[in-house]
Amino acid sequence: MKIVKTLFPSLALSLALAGGAIAEPVKVGLITTLSGGGATLGIDTRDGFLLGLKQAGATDVEVIVEDDQQKPDVAVQLADKMIQSDQVDVLTGIVWSNLAMAVVPAAVGQGKFYLSTNAAPSQLAGAGCNPLYFSVSYQNDNLHEAAGAFATDTGYNKVFIMAPNYPAGKDSLAGFKRYFKGDVVDEVYTQVGQTDYAGEIAQIRASGADAVFFFLPGGMGISFMKQYADSGVDLPLVGPAFSFDQNILQAAGKAALGVHNTSNWSKDIDNEANKTFVAEYKAEYGRLPSIYASYGYDTAHLLLSAMKTADVKDKEAFRAALAKADFASVRGKFSFGPNQHPIQDIYVREVVEEDGILTNRIVSTALADRADAYAAECKM
């Protein structure tokens, strides 16, 4: 892997990487969060994507990586620069849904493909769908729907639910309620980036709930988990993978042991693509991969699969090649629905300790072949 160009002060890499069938390189603009409280999510996204290209031995992909600082205005400026000055063919990498809502409609409006490695708000799955937009990860509601199904199957009757006040947070609670058959005793939206949860924990204590569902990605989840463990409240927690991902678990500590969470990926999914990914990621970076890394890796392989049969400049042909999803996903079964969002299994995982490291282990399947609730609203 050769670093050709570094742009300062942002983290921007133009990487010439190897393989493929098209003479002109495909230029990819990867905008993600590489600083601040959400940095681990973006770092893993970037590392998974670059590993996917390296593992495939690609030579015809040029990647420009930039730090959005978790700020919508910065993300928009970077996307405009990449489209207008760098003349990228494809954009990818955004973690946060409020940033995606600021960038994606403008990017596809300028004729650029956007492949989402994470953020997949409901607005872009339904009426706001677009032929140039693919979500490789999920639709925002999906993992939370599975948590609602798990809470119902477990016999929880009264659940306190909580998420940050931004598009993914609203989608998460909508998804949970869609599959939870009991009573929601309180529905709380926190600030994005919040670190003090004393007030919310007091509300939980007084709520009469028999369980707590929360979606707090990145540093928000770490802060909440630590404060919850110290609070003496002993209600069981349920959440999506984002609140119990590999990096968060190490920071949250043993308070997370035994907690159940829902995910469409886990390091113990038994297929060759996933075994290769986990082994090579650990060898390359010295740590276990996270769910964000898995999405980045799959996105790279989806891109390369389309490049084998179509030229990115021929938008109809390239879109058709992407829609086939002709690659070996680390998740196993994977296809796109009519709104170009995944159809896939979603699992229940339990936090366990392996060789002194907290990680997750699949215990059941919550939803099989789940698409999303918004596909019927998409009129492509």
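Are Glu145 and Arg370 buried or exposed? Hello everyone, let's start there. Glu145 is buried, and Arg370 is buried too (buried is under 20% relative accessible area, exposed over 50%, partly exposed in between, with a 1.4 Å probe and protein chains only).

A quick word on the model. It is predicted, so local features need pLDDT of at least 70 and side-chain atom pairs count only at pLDDT 80 or more, while totals for chains, interfaces and linings use all residues. Residues are numbered from 1 along each chain as its sequence is written, and side-chain values use heavy atoms, leaving out hydrogens and water.

Back to our pair. Glu145 and Arg370 form a salt bridge, with their closest N and O atoms 2.8 Å apart (a side-chain nitrogen of Lys or Arg within 4 Å of a carboxyl oxygen of Asp or Glu). This links distant parts of the chain, 225 residues apart: Glu145 sits in helix H5 (residues 142-154) and Arg370 in strand S15 (residues 357-370). Helices (H or I, at least four residues) and strands (E, at least two) are DSSP runs, numbered from the N terminus. The whole structure has 19 salt bridges.

Now compare Lys275 and Glu272, whose closest N and O atoms are 3.7 Å apart in their salt bridge. Both belong to helix H10 (residues 272-285), three residues apart, about one turn of the helix. Lys275 is partly exposed at 43% relative accessible area, and Glu272 is exposed at 57%.

My last pair is Glu350 with Arg361, a salt bridge whose closest N and O atoms are 3.7 Å apart. Glu350 lies in strand S14 (residues 342-354) and Arg361 in strand S15, so the pair ties together parts eleven residues apart in sequence.
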